[in-house]
Amino acid sequence: MARFLWVLLTFTAASQVVPALAVAELASRAHFREPWIWGAATFTYGVGLFLGRARARMSDSPKPWWLLHVVDEPYFAHWCASLLATVLSIFMIAASPVVDVVRGAPIAFPWAGVAWTYLVALVISLYGVVYRRRRFRIERVRIDVEHLPDAFDGYRIAHLSDLHIGALTPKSWGMRWSRAANRLDADLAVVTGDMVTSGTAFHEDIASVVGSLRAKDGVVVSMGNHDYFGGDGEPLISLLRAAGVRVIRNAGELLERAGQNMYLAAIDDTWTRRDDLDAALRERPEGAATLLLAHDPDEFHAAAKRGVDVVLSGHTHGGQIAFPFFARELNLSKLSHEHHLGIYRRGKSTLYVHPGLGTTGPPIRIGVAPAIVEITLRRASTR
């Protein structure tokens with residue numbers, strides 16, 4: 001982990017060159033004395049505050065409100081803006097000589113263009129850090145299931161995922177999500193893992209949030225990788241169960257309606273190799289419609305081979321950063337996951353990948369809104 005932090009620090013230092021040049025240029029245009037000092041100060045700010053912020057994300061603990069809002073959020077907005085501005089500036093610097101030649105002007109370094117890339121990137125990043133991740137929406141998704149029992153036709157599930165409750169995603173946000181989910185008056189409420197950012201300091205807050213969910217058939221949780229990061233997941237599981245939440249780990253149960261049933265199963269975390277799909281499906285009645293909670297969507301292929309009808313997952317956050325209005329096609333998680341956002345189908349099986357509610361890494365969302373998702377199961381026509 002220490003080596004990983006040093007790699008990130010080196011990467012961060014490289015990304016601070018463009019903001020430093022941009023601020024020095026702006027200071028020069030504003031006729032400040034020694035504009036290079038302002039650029040050097042910007043570089044020092046970007047590098048100097050990084051390790052403390054990064055370590056805090058890896059071992060999450062409560063912080064004073066002023067530190068979060070006056071120091072951490074502005075810093076993360078600057079950090080994200082630095083990355084975006086660096087990418088934009090590389091293209092600008094490469095294209096600038098061509099533009100100068102076409103215009104018949106002397107070839108010159110695009111100082112003004114570099115300053116503008118940082119300013120534009122900073123505005124976008126402030127929006128993603130300060131506003132977008134705070135504003136969640138309600139999404140409604142229909143999933144058709146062959147041979148769904150008549151009693152479960154129209155069955156509604158309030159799906160939450162990737163809460164990442166912690167210093168930068170406080171309990172108060174989680175309670176707002178819970179109240180919104182409860183207003184759906186769903187048949188079942190599920191949380192598909194990653195309730196934790198890291199560590200164990202916020203376990204009681206998480207249990208309060210998840211324990212406040214309400215649905216006719218109760219609340220069911222599957223575990224995610226972050227639920228085991230930086231600490232033992234067992235204390236959280238105990239707190240959740242004490243709050244009336246059913247934590248299912250490589251097992252299943254029958255949901256019953258009017259003498260008919262549907263099999264609900266969940267697997268444990270795949271990253272720490274606690275998952276066992278065979279065990280989760282062992283008690284499934286032959287021919288039963290099956291709903292599986294699996295934090296990691298990469299389990300979809302294996303579940304489809306075993307005839308699971310519906311898989312609900314999370315994990316990817318839809319990349320957290322995506323191109324607006326094209327989030328499904330252009331998002332960061334698409335670089336590493338085959339199934340990264342929304343609905344996927346394989347034969348008679350359907351996967352839904354939740355966009356998440358909280359964040360990991362830099363606390364930013366652009367183009368991928370946090371969401372509470374109402375899943376409605378409908379009996380598919382077999383004609």
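**Salt bridges and burial in a predicted model**

Visitor: Why does glutamate 73 count as buried?
Guide: Glutamate 73 has 5% relative accessibility, and buried means under 20% relative accessible area, exposed over 50% and partly exposed in between (1.4 Å probe, protein chains only), so glutamate 73 counts as buried. This is a predicted model, in which local features need pLDDT of at least 70 and side-chain atom pairs count only at pLDDT 80 or more, while totals for chains, interfaces and linings use all residues. Residues are numbered from 1 along each chain as its sequence is written, and side-chain values use heavy atoms, with hydrogens and water left out.

Visitor: What makes the contact between glutamate 73 and arginine 134 a salt bridge?
Guide: The N to O distance of this pair is 2.9 Å, and the term requires a side-chain nitrogen of Lys or Arg within 4 Å of a carboxyl oxygen of Asp or Glu, so the pair is a salt bridge. Glutamate 73 lies in helix H5 and arginine 134 in the loop between helix H6 and S1, so that the pair, 61 residues apart, links distant parts of the chain. Helices (H or I, at least four residues) and strands (E, at least two) are DSSP runs, numbered from the N terminus.

Visitor: Why is arginine 134 called partly exposed?
Guide: Arginine 134 has 22% relative accessibility and therefore counts as partly exposed.

Visitor: What separates aspartate 100 and arginine 103 in helix H5?
Guide: Being 3 residues apart, aspartate 100 and arginine 103 are separated by about one helical turn, and the closest N and O atoms of their salt bridge are 3.8 Å apart. Aspartate 100, at 7%, counts as buried, whereas arginine 103, at 62%, is exposed.
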